[in-house]
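Keep the viewer open as you read.

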Amino acid sequence: MPDSIKRRVILTAVTLLALVVAASNPARAQTLKAVKERDTLNCGVSQGLLGFSSMDDKNAWTGFDVDVCRAVAAAIFGDAAKVSFVPLDAATRFTALQSSKIDVLSRNSTWTMSRESSLGLIFAGVAYYDGQGFLLRRDAGIDTALQLGGKTVCTQAGTTSELNLSDYFRANDMALKVLALGTAEESLKAYDDRKCDALTSDVSQLYAERLKLTAPDSHMILPEVISKEPLGPAVRQGDDQWFNLIKWTLYSLINAEELGVKSATIDDAMKSPNPNIRRLVGTEGEFGEQLGLVKDWAARAVRAVGNYGEIYERNVGMQSRLSIPRGLNALWTQGGIQYAPPIR
Ligand SMILES: N[C@@H](CCC(=O)N[C@@H](CS)C(=O)NCC(=O)O)C(=O)O
């Protein structure tokens, strides 16, 4: 065989080998290592959204999205306090994740295709099934969104809310005037100052924002829900170990509710003979180790923040200030669509 052909054959073989090695290499597992070395989880949250992430009167972060990160910290460190919360607005949340300023984004962010196909991010699951709605003054004389034609609507720039708003008006052939502001606070202020007739956002946020108005009862949320807003934690693509850790921590909270395992009953659960409970709390199997954690990772998370239902009720449920019924977020066994794959 002439030398030039030999060289080409060798080159092709080397290229093929490199491709095979690259394809079989597990995705880089650097995030968990970095988080453990730093001894704290960096979690991106919203700047102040009651029920989801806001400061309480003792200057501590509280809320549903906050608890998702506390659960992850508890699973990793056995200490739910080892989280640094990074408040982010809608526009900068994804770049904060891309640039590794945060390890996980838990900020009422909707799982959409383009956020995965073009931003290099991946959603680990749905923590809260939401949808977009409209808030307006009761005395506006409007009782369906279809009467909003020609009105000015406030929204937040860089959100799915902004995109769905224009789709809805276009689809229904209605004239739209949009006022897109930079932060939730600015949008609410503009609405309160009557610069817009209605405020649009995820319905859960409208419940939260309404409470900040002087007379919450004089404002109402229209019955229409114009979009699907599956909200959940997101991570960077390329680190499957980290992706799995976030995903299975969320699923462990949902599975704990389904199995009746609560924060207050976790010690009993550790003695349970039920195989499903045993796998969840780590008295059977090696699920924690396989994630790079300890055996009782999920028990630590539930002990610290409660199961999914406890997190929901405490932060946004009927006993909380927001009083949002479980609705779609009830377990699949209770008429909702929250459904976690099994731990086995
Ligand atoms: N779920 C939607 C909307 C998320 C969003 O940022 N909504 C605003 C409207 S209230 C918000 O939460 N702002 C809180 C903040 O800026 O801190 C998305 O992912 O685009």
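Two strands count as paired if DSSP finds at least two bridges between them. Helices (H or I, at least four residues) and strands (E, at least two) are DSSP runs, numbered from the N terminus. The model is a predicted one, in which local features need pLDDT of at least 70, side-chain atom pairs count only at pLDDT 80 or more, and totals for chains, interfaces and linings use all residues. Residues are numbered from 1 along each chain as its sequence is written, and side-chain values use heavy atoms, leaving out hydrogens and water.

Start with β11. It runs antiparallel to β8, and five bridges join the two; Phe-134 stands opposite Thr-200 of β11. With β9, β11 pairs in the parallel sense over two bridges, and Val-153 has Ala-198 in β11 as its bridge partner. Five of the five residues of β11 are buried (under 20% relative accessible area, with a 1.4 Å probe and protein chains only; exposed is over 50%, partly exposed in between), so the rest of the structure largely encloses this strand.

Now turn to helix α6. Its buried residues are Thr-160, Ser-161, Asn-164, Leu-165, Tyr-168 and Phe-169. Seen down the axis of α6, they fall within an arc of 155° (taken from the directions from the helix axis to the C-beta atoms), so they line one face of the helix. What covers them includes β8, β9 and β11, with contact meaning heavy atoms within 4.5 Å. The face of α6 turned away from the buried side carries the exposed residues Leu-163 and Arg-170. After α6 comes Asp-173, whose phi is positive, near 55°.
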